[in-house]
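Please read it beside the sequence and the coordinates.

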Amino acid sequence: MRAPELRVSVDLIRREAQLACEASSLRAVAADAGMSPMGLRGFLHAQTEPQARTIRKLSAWYARRMAARPPEGEAEARASLVVLAAFYPPADRPRVEARLLTVLEAEFRESRMEPPAWLQALRAELRRRAD
């Protein structure tokens, strides 16, 4: 069985890329994501199933984009965890993601803050994927 890991929804990345292109240009967004304009256009129009390399590039782009604005919640946290866990071998990613969530929760508590609901939602998602 493949190890469970968090994923940023391709539809969410596609929507954000479309918004970025509308605010800027296809070429600018493609350059920022480290891909060709034609590759980004194909992704935006869902012409083919995106390759793993394309998803990695766009997930990293999405996480950088989300980091540039105030956090809104679960989607941004998931994107950040996906990018950080990608530095590890696929089999280790679920463990890394779970530990990162544990550290984040501890840091919220140490800062005398209530851990946000997305922490538990992401933990539950990891458990569901493991089942």
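In the protein chain, confidence is highest in helix α2 (residues 26-33), at 96, and lowest in helix α5 (residues 74-85), at a mean of 84, where pLDDT is the predictor's confidence in each residue, from 0 to 100. This is a predicted model, in which local features need pLDDT of at least 70 and side-chain atom pairs count only at pLDDT 80 or more, while totals for chains, interfaces and linings use all residues. Residues are numbered from 1 along each chain as its sequence is written, and side-chain values use heavy atoms, with hydrogens and water left out.

**Confidence and overall make-up**

- Over the protein chain the pLDDT averages 87, and 92% of the residues score at least 70.
- The protein chain has 7 helices and 0 strands, both taken as DSSP runs numbered from the N terminus (helices: H or I, at least four residues; strands: E, at least two), and the pattern along the sequence reads α-α-α-α-α-α-α.
- Taken along the principal axes, the box filled by the C-alpha atoms of the protein chain is roughly 45 × 35 × 20 Å.
- Of the 131 residues in the protein chain, 38% are buried, where buried means under 20% relative accessible area, exposed over 50%, and partly exposed in between (1.4 Å probe, protein chains only).
- Among contacts in the protein chain with a separation of 6 or more, 58% are between residues 24 or more positions apart, a contact being heavy atoms within 4.5 Å.

**Helices α1 and α4**

- The axes of helix α1 (residues 10-23) and helix α4 (residues 52-67) come within 10 Å and cross at roughly 65 degrees; axes here are lines fitted to C-alpha atoms, for helices over the stretch in contact, and angles run from 0 to 180 degrees between N-to-C directions.
- The crossing of α1 with α4 is left-handed, the term used if the near helix is turned anticlockwise from the far one by less than a right angle, with right-handed used if clockwise.
- On the α1 side the residues in contact are Val10, Leu12, Ile13, Glu16, Ala17, Leu19 and Ala20, and these meet Ile55, Leu58, Ser59, Trp61, Tyr62, Arg65 and Met66 in α4.
- Sorted by class, the contact of α1 with α4 has 11 nonpolar, 1 polar and 2 charged residues, where Ala, Val, Leu, Ile, Met, Phe, Trp, Tyr, Cys and Pro count as nonpolar, Asp, Glu, Lys and Arg as charged, and the others, Gly among them, as polar.

- Arginine 123, found in helix α7 (residues 117-130), counts as buried because its relative accessible area is 16%.
- The side chains of arginine 123 and threonine 102 are joined by a polar contact of 3.2 Å, that is, a pair of N or O atoms within 3.5 Å; within protein, one must be able to donate a hydrogen and the other to accept it, and residues adjacent in sequence count only if both atoms are side-chain atoms.
- With its neighbours within four places in sequence left aside, arginine 123 is in contact with Leu101, Thr102 and Glu105.
- Arginine 127 is also placed in helix α7, and is partly exposed, with a relative accessible area of 48%.

- Arginine 112, in the loop between α6 (93-110) and α7, has a positive phi of about 60 degrees although it is not a glycine, and at 78% relative accessibility arginine 112 counts as exposed.
- Leucine 84 is found in helix α5 and counts as partly exposed, at 44% relative accessibility.
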